[in-house]
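Colleague: Could you take me through the ring pairs and the strand pairs of this model, one step at a time?

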Amino acid sequence: MHLAEVADYIQSKYGIEASYVDLAGQTLAAVTVPGANESFALLLKKDGRETIELKAGSLAKFLAAQSAFGPAVFMQDPAWIRVDLDNPALNDRFFYKTLDSAYQSSRPLEAAKNTAEDRQEHEIYLLDDEGEDFQEEVIPKRPAFFKDSDFDRLLVEKGQPVIPEGIKQMQESYDYLAVPRRESNFYRQGMLMANYEDDFAQMVPINKQRPVYHDLTVDQLRSYFSWRTKFRQGKYKPAPAAYVYLLASELVCQIGVKDKADGLRQLRLLFAKCVEQKDISTSWQEKHILQNYLVYYGFALEEIRPDFEDELMRGEVYHNLLSGEASGQELYQAICCLSSYLPKNNPLLKKEPEKFYELLAQVWQEVRLNPYQLLKLLVGEKTTLPVEMFADTVFFSLDPVKDAELILGPGLVYRCQGGQWSNEVYWPSGR
């Protein structure tokens, strides 16, 4: 991973641009949430190495113990951690989740109010030639400007096609004062275009990996909506990743779906077609989006669990090892899942398995109660991590979930309190 990728991620997702400066023999960029007093990330280049330091707060000690992570060096603050981007052990998904968490925790407590008074159009004063008297002129609204101008006529004169009415209305609806601007505008514009169809023949590439409608040209918009039309007709055609990203974002926002079940059906179909075309570059994102969708929209447990099979199996293993509730045989099976050697070669197990299980349970209980917390050191611990739902898409809801709890298994619990989601899981030791 390179700093350029991280900087592009921060800019595309949060609209924050990293500006580098040279200081003390190294190049660095501090990244700050607009309105916040302190930075949440520090991008550093020195002697050919690229690292990033993140403000992790109370989780800093825990995160610093993970692979490719460590205590901050430049920011000598125990709440900060350092990430070695050159380390091959770095888990990209875990890193970006940590980065998102640092961003979210640094946001100002009170978001800017979007009141009618704040959104009021101001007038400008035009002085006459003498500079004595003035008259007021109201700034025209953007939609009125488009409708009252000769924009379409000029396009025709230049030999360019007229913008379809649906796309023009969508572009005119963009609200520069909306909060949050990117997500809320995507939702509002998406609802306007929910039933729009097009037959643009050209497949226009989109270089931006995580675009919204506002980022695209008219030709790109027509190309995307034409591709979406064919997808809805059952005629899937391989497309750039940005097309899949836009459609997945629409579906998680419930744009163009009958209900949550229809949205899930379309998501599964979309990702299945991607797999058929051997487009596996975003395979982990697809799984993550489906899992978030099932949890957020409150599907029944029997529908959710198949998509969490690996996580539930892993949670059961760690629960048996750490909870003190497992039998000797369950402990043995859990150890076999994690052990790098072969416990089945134990002579006592071969001769008297019941004695072996009984002895294992007694010894394991002594280890579990050890004052030096050996199991935490060698196996892991139960912890709660912040979760940003649909972080791999553009997501907005007029009625977001405020409070929820979903217990999938002993080692996998999702909770939402006041709109903030978290995940209670067993986290393995770094050893």
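Colleague: Which residues do ring pairs link into a cluster?

Modeller: The model is a predicted one, so what follows describes computed positions. In it, ring pairs link a cluster whose members are F186, Y196, Y213, Y224, F225, W227, F231, Y236 and Y243.

Colleague: How many aromatic pairs are there in the whole structure, and is the pair of Y9 and Y96 stacked, tilted or edge-to-face?

Modeller: Searching the whole structure gives 31 aromatic pairs. For Y9 and Y96, the ring centres are 4.4 Å apart and the planes stand at 35 degrees. Planes under 30 degrees apart would count as stacked and planes over 60 degrees as edge-to-face, so with its 35 degrees the pair is tilted.

Colleague: What is the arrangement of the rings of W227 and Y243?

Modeller: W227 lies in helix α8 (residues 218–232) and Y243 in helix α9 (residues 241–252), so this pair ties together parts that are 16 residues apart in sequence. Both W227 and Y243 are buried. Their ring centres are 5.7 Å apart and their planes are at 85 degrees, so the arrangement is edge-to-face.

Colleague: Is D392 buried or exposed, and which side chain does the side chain of D392 contact?

Modeller: D392 sits in the loop between β9 (380–387) and β10 (403–409). Its relative accessibility is 7%, and because buried means under 20%, D392 counts as buried. A polar contact of 2.9 Å joins its side chain to that of H288.

Colleague: In which sense do β10 and β11 pair, and how many residues join them in the hairpin?

Modeller: Strand β11 (residues 412–417) pairs with β10 over six bridges, in the antiparallel sense. Within this pairing, I407 stands opposite V413 in β11. The hairpin passes from β10 to β11 through two residues.

Colleague: Which residue in the turn between β11 and β12 has a positive phi?

Modeller: β11 and strand β12 (residues 420–428) run antiparallel and are joined by six bridges, with R415 standing opposite S422 in β12. These two strands form a hairpin with two residues between them, and the residue in the turn with a positive phi, of about 60 degrees, is G418.

Conventions: Residues numbered from 1 in each chain as written. Predicted model: local features only at pLDDT ≥ 70, side-chain atom pairs only at ≥ 80, totals over all residues. Heavy atoms only, no water. Phe/Tyr/Trp six-rings, centres within 6.5 Å; stacked < 30°, edge-to-face > 60°. Helix = DSSP H or I, 4+ residues; strand = E, 2+ residues; numbered from the N terminus. Buried < 20%, exposed > 50% of the residue type's maximum accessible area, 1.4 Å probe, protein only. Polar contact = N/O pair within 3.5 Å; in protein donor to acceptor, adjacent residues only side chain to side chain. Pairing = 2+ DSSP bridges.
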